[in-house]
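Notebook open, model loaded. I'll jot down what I look up as I go.

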Amino acid sequence: EALRNLKLSADRFDYINEPLPQLSAYFKWLKQQVASGNPVVWMILWNDRTYPIYNLTAPAGMYGHVEPVIGIQSNHPLNDTTVYDDDVVLHYTDYGVRTVHRNLVSMKAGEWDDGYQ
């Protein structure tokens, strides 16, 4: 509703219909969005936290951090949505001021470490 009121269009990863596991499909979607110049914001869940946060009712509060994804680096053409082992995503943390460069395939659940924890 907020996006509609602000007259913004949005596309989201189809987590409802995408079969599990979704990590590869999400990275492909993410690469396509960022390479196309679309802004992406992801909501990070930490393994050792309780959700929803702030005593909200799910699905509200089902995140630990809100982080903007600002770029992608690849040794392959950016219109190739294949996620390669050396593809790197650039993002900010929700409390940091430096750009984080992270290899896409290194971002598996339980293995995330942004160096700030």
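Helices (H or I, at least four residues) and strands (E, at least two) are DSSP runs, numbered from the N terminus. I'm working on a predicted model, so local features need pLDDT of at least 70 and side-chain atom pairs pLDDT 80 or more, while totals for chains, interfaces and linings use all residues. Numbering starts from 1 along each chain as its sequence is written, and side-chain values use heavy atoms, without hydrogens and water.

**Confidence.** I checked pLDDT, the predictor's confidence in each residue from 0 to 100. The protein has a mean of 84, and 91% of its residues reach 70 or more. H1 is lowest at a mean of 82, and strand E3 (residues 88–91) is highest at 93. Residues 112–117 fall below 50, yet this stretch has 22 contacts in the model beyond near neighbours in sequence (contact: heavy atoms within 4.5 Å).

**Loop between H1 and H2.** I found Leu8 in the loop between helix H1 (2–5) and helix H2 (23–35). Leu8 is partly exposed, at a relative accessible area of 49% (buried is under 20%, exposed over 50%, partly exposed in between; 1.4 Å probe, protein chains only). With Leu3 and Leu6, Leu8 makes a nonpolar surface patch of about 300 Å². Patch residues have over 30% relative accessible area and no salt bridge; like charges are joined within 9 Å, nonpolar side chains (Val, Leu, Ile, Met, Phe, Trp, Tyr) within 5 Å. Areas are Shrake-Rupley with a 1.4 Å probe, and for residues only the protein chains shown count as cover.

Lys7 sits in this loop too, with phi near 60 degrees, and is exposed at 75%. Pro21 is also there, joined to Leu20 by a cis peptide bond with omega about -10 degrees. Most residues other than glycine have a negative phi, and most peptide bonds are trans.

**Strands.** E1 (residues 40–44) covers Val40, Trp42 and Ile44 on one face and leaves Val41 and Met43 uncovered on the other. E1 pairs antiparallel with E2 (residues 65–73) over five bridges (pairing needs at least two DSSP bridges). Trp42 has Glu67 as its bridge partner in E2.

**Salt bridge.** Which residue does Asp87 form a salt bridge with? I get Lys31, the closest N and O atoms being 2.8 Å apart (rule: a side-chain nitrogen of Lys or Arg within 4 Å of a carboxyl oxygen of Asp or Glu). Asp87 is in the loop between E2 and E3 and Lys31 in helix H2, so the pair ties together parts 56 residues apart in sequence. Both Asp87 and Lys31 are buried.
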